[in-house]
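Subject: Structure handover

Hello,

Here is the structure I promised to pass on. Please open it alongside this message, as the notes below refer to it.

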Amino acid sequence: MKRLNNLYYSKRIKELLAELQTAGTTLVVAPMGYGKTLAVQYFLQEQERCGKRVLRQSIYGAGAEAFWQGVCHSWQNTELGAALLQQSLPADANAKTLVLELFRQLLPQEPVYWFIDDLHLLESSEAIDFLFALSKAGFADLHLLLVSRGQIFDGSRLLELGRKVFCLDKHDLALQRDELAEYSSRCGLQLTAQQLDALHEACEGWFSVTYLNFLNYDRYQRFCLDTGSVYEMIANVLLRPLPSEQQRLLLLMGQPEEFTPEQVAYAYGTSCRESVGRLLECNAFIIRLANGRLRCHHMLKQATRHAFGLLPEAEQQMYFRRLGQWYAQQKEYEEALDWLYRGRDFDGLLAAVQQLRDWSMYPQHRQHLFDWLCECPPEILWQYPQAVLIIMRRMFSLNMVPEMLQVKEWYVTALERNTALSQRERDNYYGELEVILSFLAFNSITGMSEHHRRAYKLLSGAPQTLSKQGIWTFGAPSVLGLYLRTGCSLRQTVEDMQECMPPYYLLSGWHGAGAAELTEAEALLLQGRIDEMDMTLQKAYYQAEKHGQECITICCDFLEMQRDLFRGVYSSKAEAYSRHQWQLQPWKQSMLLNSADMCAGFYYALLGKPEYIPSWLTDGNGQQPSVLYPARPCRNYISAQCLLAQGQYTELLVRWSDWEQECRPYSNFLCLLYLQVQRAAAFAGRGDVTSCRASLKQALAMAEADKLVLPLAQNIALLRPYLEQEAQGEYSAAAAAALHLGQQMEAGRGQIMSARFAEAGLQELTEQELQIAQLAAARHTNREIAQRLSLSEGTIKQYLNKIFAKLQIDAAAKNKRHQLERFFSNS
């Protein structure tokens with residue numbers, strides 16, 4: 001009796017698969033048709049029989065978002081899965097750290113085998129980076145099984161993983177000559193030694209081609225050893241010999257990535273359960289998945305899709321339409337969209353979109369969004385204003401603004417033409433439109449508020465386009481960095497924020513709570529009115545914490561860190577931020593970890609402790625952690641300050657033009673001011689007096705009207721002599737105020753350095769340096785120290801410069817020896 005569809009695993013393969021029980025990560029890499037998936041599935045079924053937990057994920061598309069949806073789906077119904085749903089695929093170091101911490105804390109306390117198949121289809125470097133980080137972390141109870149046709153990790157990463165990774169390749173999976181003999185015997189085939197030799201030589205152990213040859217031999221008593229294409233073999237052996245009905249059914253099975261017998265019968269349009277059953281019984285290229293669905297092997301899928309493409313276009317559209325209708329009936333609306341579009345069923349398409357109020361959207365839909373509406377007959381489009389609204393909302397998030405404005409006209413027309421809407425429904429649709437259009441007015445506070453006020457009057461409930469959980473600041477640590485648009489507008493911006501935020505709070509459920517108070521506190525800090533900002537800052541803290549707005553709390557901390565520098569108080573929050581030991585729990589947005597890095601980086605740059613600055617803030621070639629586009633100007637001026645602290649003046653000037661351009665789209669005036677000051681400081685650091693004076697004059701001109709002296713004061717160490725000259729010139733008031741405020745910051749910084757870092761700094765001194773430092777702190781002159789130690793005055797001066805650098809004493813300060821004296825008195 002022939003048993004051609006029986007699976008065969010040799011003793012050698014079983015022994016290799018047993019190694020997977022002890023491996024943290026297993027890489028199975030071989031060309032198609034070598035039985036990679038079947039071998040791993042065999043191993044996993046054995047683990048399930050022993051009570052082990054098994055998770056399965058298949059890659060069907062190239063995109064990162066689809067991969068992450070698969071990750072979350074794999075871990076569904078677990079505490080870890082619920083936490084991962086709150087994240088996106090980690091695209092930077094902070095996000096990876098956060099997600100790995102989730103795995104560390106929330107992994108089930110039992111062995112888990114996580115199988116990810118067909119990784120060769122994935123084109124996301126972020127996804128591969130995540131899998132490498134997970135492999136490198138080496139969680140004891142997590143076993144990753146990664147299967148691909150091509151290389152998953154490069155050689156350097158494999159070397160780095162070392163014994164944490166176990167690899168299987170085509171040579172491990174290929175049938176050996178004796179295994180081929182045993183396999184054929186188990187299938188019930190009586191082959192001669194010569195036939196086995198010829199088959200093994202032709203197939204080279206390729207499992208799928210061997211199986212196709214067995215089928216062909218059973219039917220025609222001959223092998224297909226000279227066939228040029230495996231796809232032609234599949235067509236000749238599996239497709240063309242079938243009756244017409246079964247051929248169509250097999251073609252339909254090859255269209256979806258996964259399918260059910262009921263789905264195929266529905267798409268075919270008649271009762272054909274028996275025919276479907278016969279196909280499943282006699283085709284080993286159709287694989288049953290753990291979720292109860294079925295999948296065609298890639299080779300069969302490619303062959304059937306080629307044959308399907310030869311059908312008349314009208315017939316193809318009919319089948320596509322039925323597949324889309326099937327998914328819609330199953331409430332798998334996102335899956336339905338492409339099938340309905342390909343089947344030209346725009347009625348069904350827009351009806352499905354209306355079910356997707358929280359649509360995360362597959363990446364492939366981006367290119368179709370506008371096409372859907374352009375190609376949809378107007379009489380159908382006008383019946384679905386809610387669907388048009390949802391598509392328009394997605395267009396904004398994808399930066400498709402021109403297309404979005406075109407769709408706005410269609411949307412208004414759809415509302416006017418749809419006579420079935422009640423007035424309340426119509427008002428709600430117009431209210432939602434106002435919320436979407438408000439984003440186009442960013443960063444005009446009053447412009448956005450006009451839309452918000454109109455939306456509030458029109459809506460009968462909370463808008464669907466706003467979420468209180470969204471990051472109101474886009475990841476920036478400065479509100480005025482986002483919303484101060486021009487010079488001479490600081491007071492007006494504060495007043496506008498105070499007037500416009502309360503209506504927005506009502507509309508959004510207190511999204512961004514505390515922003516109005518925070519804006520006033522930041523304005524006072526920028527003007528150097530340090531002692532006047534405490535009350536408004538505490539009000540901002542209170543509102544943000546009361547309404548769960550962590551992004552506003554971070555902005556408050558950013559102001560507090562800068563304020564406390566002037567008061568000589570070391571910021572414990574900066575230290576906690578730099579170590580990520582702070583109030584945010586690990587299942588919150590990873591973007592806020594990047595905000596925390598920006599706060600800590602800026603603080604330590606001002607303090608003169610560049611070794612504490614997060615590396616990504618100054619690494620121009622590295623992967624930039626994610627902040628949303630509006631927050632990038634704030635990130636840039638913070639990066640510039642960090643480069644100044646590291647003495648990388650040339651690097652700052654090289655990047656400056658790009659940074660300056662990123663401030664233009666939204667008129668980020670405060671960020672432009674910072675960059676202009678930092679440019680002057682970089683020129684000063686390079687000794688380029690002419691360029692420094694020119695840049696400083698521009699900065700003073702920008703700062704003078706609103707007395708925005710803080711950026712100048714924060715760069716006093718490099719700009720002092722130039723500011724002293726300007727204090728006698730055209731911008732004397734701003735220069736004098738910056739000098740005064742800068743001296744306050746230097747004094748506060750000196751207190752922090754001597755109180756916080758004295759002991760650590762002194763431990764870095766050599767015995768000779770310590771002796772010289774003690775004599776200098778006792779107010780001995782360089783000549784006296786030189787005579788006492790039998791050294792030259794020049795040598796003593798060189799030693800003192802090294803000492804001041806190690807103790808983080810500003811080389812430009814006039815009271816260096818006084819600071820040195822404090823070091824010894826505090827240590």
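**The chain overall**

Please keep in mind that this is a predicted model. The chain has 827 residues, and 54% of them count as buried. It holds 44 helices and seven strands. The C-alpha trace spans about 105 × 80 × 45 Å along its principal axes.

The accessible surface comes to about 35800 Å². Carbon and sulfur atoms account for 48% of that surface. As for charge, there are 81 positive and 91 negative side chains. The centres of these two sets lie 2 Å apart.

**Strand β1**

β1 runs over residues 25–29. Is it mostly covered or mostly uncovered? Mostly covered: four of its five residues are buried.

β1 has two strand partners to look at:

- β4 (residues 142–148) pairs with β1 in the parallel sense, over five bridges.

**T519**

T519 sits in helix α28, which covers residues 515–526. Its relative accessible area is 0%, so T519 is buried. Where does its side chain reach? It reaches the backbone oxygen of A515, at 2.7 Å. Leaving out residues up to four places away in sequence, T519 touches V479, L480, V494 and M497.

**R563**

R563 lies in helix α30, residues 550–566. Is this arginine buried or exposed? The cut-off for buried is under 20% relative accessible area. R563 has 9% relative accessibility, so it counts as buried.

The R563 side chain makes a polar contact of 3.0 Å with the side chain of D564. Beyond four places in sequence, R563 touches L525, I530, M533, D534 and L537.

Best wishes

Note on methods:
Residues are numbered from 1 along each chain as its sequence is written. This is a predicted model: local features need pLDDT of at least 70, side-chain atom pairs count only at pLDDT 80 or more; totals for chains, interfaces and linings use all residues. Side-chain values use heavy atoms; hydrogens and water are left out. Buried means under 20% relative accessible area, exposed over 50%, partly exposed in between (1.4 Å probe, protein chains only). Contact means heavy atoms within 4.5 Å. A polar contact is a pair of N or O atoms within 3.5 Å; within protein, one must be able to donate a hydrogen and the other to accept it, and residues adjacent in sequence count only if both atoms are side-chain atoms. Accessible areas come from the Shrake-Rupley method with a 1.4 Å probe; for residues, only the protein chains shown count as cover. Lys and Arg count as positive and Asp and Glu as negative; His and the chain ends are not counted. The place of a charge is taken as NZ of Lys, CZ of Arg, CG of Asp or CD of Glu. Two strands pair if DSSP finds at least two bridges between them.
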